[in-house]
Amino acid sequence: MIRKLRAASAQWTLVVPVAAFVVLVLTWHEDLPGWVVGVVALFLIGAVLAAVHHAEVIAHWTGEPFGSLVLAVAVTVIEVALIVTLMADGGDKSATLARDTVFAAVMITCNGITGLSIIVAALRYRTAVFNAEGSGTALACIATLATLSMVLPTFTTSTPGPQFSTTQLGYAATASLVVYGLFVTTQTLRHRDYFLPVTPEGRIRRDEDDDHVGPPTLRAAGVSLLLLAVALVSVVGLAKGVSPTIESVVDDAGLPHAVVGVVIAIVVLLPETIAALRSAVRNRVQTSLNLALGSALASIGLTIPAVAIASIWLSGPLVLGLAPSHMVLLTLTVVLGTLTVIPRRATLLQGALHLGVLAEFMVLAVNP
């Protein structure tokens with residue numbers, strides 16, 4: 001029975017990414033009526049679920065922390081492509097899109113995915129356990145890059161408004177790439193043990209699959225890698241297809257344009273969210289934090305250099321500086337995250353606090 005269920009699961013995860021990509025091709029640059037938008041949304045959700053499945057196959061084959069790194073980087077690369085595409089089409093209206101989307105990604109990952117993962121593990125195992133060295137390293141990198149890229153522009157004086165000058169933007173882009181590269185080196189080579197799941201007693205868990213199923217073959221991992229790419233391209237492409245509807249709904253409701261960036265971040269981060277929660281259910285909270293904090297770091301470390309390069313040919317301004325209220329939320333997120341990871345274990349309380357910060361961010365997004 002279990003084999004039949006796995007066979008059925010494997011079949012739909014093979015078909016859905018391809019079908020979603022076909023829908024993307026058929027609807028690309030088309031003016032979509034309401035019912036078609038609904039169909040596109042269904043294929044988008046299917047592509048998200050398929051992406052999670054194939055990411056887990058790759059993670060099983062490569063082992064941690066490579067598995068979570070593959071998913072985080074793959075999603076972020078396509079997220080960057082989506083941001084640059086929307087900025088190219090949006091003119092001055094999209095001047096803050098990169099900032100809004102990246103900051104929303106940081107809030108969703110560092111508070112939403114982290115908080116939910118802690119709550120799921122705490123409900124099931126009483127406390128969520130993880131490795132403070134790895135999580136603290138990721139959090140330090142996030143704090144550094146977020147401050148250099150999105151706080152400093154508000155206080156610089158070379159360019160009017162919360163914008164970098166060309167020189168300042170070039171340094172921020174270079175620093176983002178260097179810090180992210182150093183983090184990946186630390187995570188995968190020099191201190192890989194810091195990012196591996198741990199037991200409640202604090203010992204490293206080296207068993208790569210709690211279900212005692214053998215790792216996939218090289219061929220199966222290769223197929224999953226290809227289908228993961230197809231699924232993620234479909235997710236972001238279909239999200240771009242429904243973005244005019246999202247923008248129209250946001251404008252009709254009289255909401256700030258920053259809400260569009262929040263919606264984009266939520267859609268793009270769905271694969272990481274589901275994968276992180278599934279790891280938390282298996283008491284592998286470090287893997288959940290690798291996904292959450294790694295995605296936040298990749299979002300900053302790859303988006304800022306990309307938009308810096310894109311700004312060469314984009315005619316509109318590039319606003320990266322955060323508003324004062326968002327600086328407060330960023331500071332609170334860093335402080336709360338630090339106090340959460342230092343003890344190496346967390347309870348329902350810490351998870352609820354993170355979700356509370358995310359809820360406040362959502363409130364301010366709708367009613368600044």
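Trp12 sits in helix H1 (residues 2-27), where helices (H or I, at least four residues) and strands (E, at least two) are DSSP runs numbered from the N terminus. Trp12 is partly exposed, with a relative accessible area of 34%; buried means under 20% relative accessible area, exposed over 50%, and partly exposed in between (1.4 Å probe, protein chains only). The model is predicted: local features need pLDDT of at least 70, side-chain atom pairs count only at pLDDT 80 or more, and totals for chains, interfaces and linings use all residues. Residues are numbered from 1 along each chain as its sequence is written, and side-chain values use heavy atoms, with hydrogens and water left out.

**Overall make-up**

- The protein has 12 helices and two strands.
- The order of elements from the N terminus is α-α-α-α-β-α-α-α-α-α-α-α-β-α.
- Of the 368 residues in the protein, 51% are buried.
- Among contacts (heavy atoms within 4.5 Å) with a separation of 6 or more, 84% are between residues 24 or more positions apart.

**Surface**

- The protein has an accessible surface of about 16300 Å², and carbon and sulfur atoms account for 68% of it; areas come from the Shrake-Rupley method with a 1.4 Å probe, and for residues only the protein chains shown count as cover.
- Trp12, Ile45 and Leu49 make a nonpolar surface patch of about 260 Å².
- Patches are made of residues with over 30% relative accessible area and no salt bridge, with like charges joined within 9 Å and nonpolar side chains (Val, Leu, Ile, Met, Phe, Trp, Tyr) within 5 Å.

- Ala51 belongs to helix H2 (residues 34-62) and is buried, with a relative accessible area of 0%.
- Leaving aside residues up to four places away in sequence, Ala51 touches Leu228, Ala231, Leu232 and Pro271.
- The C-alpha atoms of Ala51 and Val230 are 8.6 Å apart in space, although the two are 179 residues apart in sequence.

- Thr273, in helix H9 (residues 270-281), is buried at a relative accessible area of 17%.
- A polar atom of the Thr273 side chain lies 2.8 Å from the backbone oxygen of Leu269.
- In the loop between H9 and H10, Asn283 has a positive phi of about 65 degrees although it is not a glycine.
- Asn283 is buried, with a relative accessible area of 8%.
- Helix H10 (residues 285-310) has 26 residues and should span 38 Å at 1.5 Å a residue, which agrees with the 36 Å between its end C-alpha atoms; the expected span is 1.5 Å times one less than the number of residues.
- Of the 26 residues of H10, 23 are buried.

- Arg126 is in the loop between helix H4 (97-125) and strand E1 (128-129).
- Arg126 has a positive phi, near 80 degrees, and is not a glycine.
- Its relative accessibility of 74% makes Arg126 exposed.

**Salt bridges**

- The structure holds two salt bridges, each a side-chain nitrogen of Lys or Arg within 4 Å of a carboxyl oxygen of Asp or Glu.
- Asp100 pairs with Arg99, with the closest N and O atoms 3.1 Å apart, and both residues are buried.
- Glu133 pairs with Arg344, with the closest N and O atoms 2.7 Å apart.
- This pair links distant parts of the chain, 211 residues apart: Glu133 is in helix H5 (residues 132-151), and Arg344 is in the loop between helix H11 (324-341) and strand E2 (345-346).
- Glu133 is partly exposed at 29% relative accessibility, and Arg344 is partly exposed at 38%.

How values were computed
A polar contact is a pair of N or O atoms within 3.5 Å; within protein, one must be able to donate a hydrogen and the other to accept it, and residues adjacent in sequence count only if both atoms are side-chain atoms.
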